[in-house]
Amino acid sequence: MKGSLMSLLQQLKHWFSDPPADRVSAGPAPVTLELGQLQRSPRDCVLMLDFDGVLHPYQSGSLEHLPRLEEWLRATPHVDVVISSSWRESHSLDQLKQYFSPDLRDRVIGTTPLIYGAKRLAEINCLVQVYRIRHWVAIDDDLPEFPDRTRLIATDTSTGITDKTIDSLN
């Protein structure tokens, strides 16, 4: 069983590392992995968003920093949001959207796929490849999930988003 799972993950890694044009549609074809589907094609830029340690101190569940992020989103209408948080495993996309103000819910366009055993960056890269997303950044507090931190804006797990985080987005 373990060997076949590893084989499948290797195939997925190969398939998504540099897929030929005939294996990736130009449009928003759903990712066949669990989750990882966008409701529509993204606009110009995509924010890959974690919740715990970002929108609130780790696992407090308060979402106390969401208003700060929403203020930034209102000022940057060309940015869509994809949920990369583990909350996508226990909440539907519609439930996740309900946490956002009504005027921003249509900008929360999907979730990253859940690839068991893969790092969060690999899940993000899978979605990026399938939807051909060129401009994106992730906000996350879990540094080991990002072996390459080129597109990561890291937050402190004990505080979450700060003014410095928002400044980094600009």
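This is a predicted model: local features need pLDDT of at least 70, side-chain atom pairs count only at pLDDT 80 or more; totals for chains, interfaces and linings use all residues.
Guide: Residues are numbered from 1 along each chain as its sequence is written, and side-chain values use heavy atoms, with hydrogens and water left out.

Visitor: How do you know that strand 1 and strand 2 pair?

Guide: Two strands pair if DSSP finds at least two bridges between them. Five bridges join strand 1 (residues 45-49) to strand 2 (residues 79-83), and the two run parallel, so they meet the definition. Strands here are DSSP runs of E with at least two residues, helices are runs of H or I with at least four, and both are numbered from the N terminus.

Visitor: What makes strand 3 and strand 5 edge strands?

Guide: The open sheet has five strands in the order 3-2-1-4-5, with parallel pairing. Strand 3 (108-111) and strand 5 (152-154) each have a single partner strand, so one side of each is left without a neighbour in the sheet.

Visitor: Why is Leu69 called buried?

Guide: Buried means under 20% relative accessible area, exposed means over 50%, and partly exposed lies in between, with a 1.4 Å probe and protein chains only. Leu69 has a relative accessible area of 0%, so it counts as buried. Leu69 belongs to helix 2 (residues 66-75). Contact means heavy atoms within 4.5 Å; leaving aside residues up to four places away in sequence, Leu69 touches Leu47, Leu49, Leu55, Ile161, Ile166 and Leu169.

Visitor: What makes strand 2 largely enclosed?

Guide: Five of the five residues of strand 2 are buried, so the rest of the structure largely encloses it. Val79, Val81 and Ile83 lie on one side, Asp80 and Val82 on the other. In a regular strand the side chains alternate between the two faces of the sheet.

Visitor: Why is helix 4 called largely enclosed?

Guide: Nine of its 12 residues are buried, so helix 4 is largely enclosed by the rest of the structure. Leu121, Ile124 and Tyr131 are among them.
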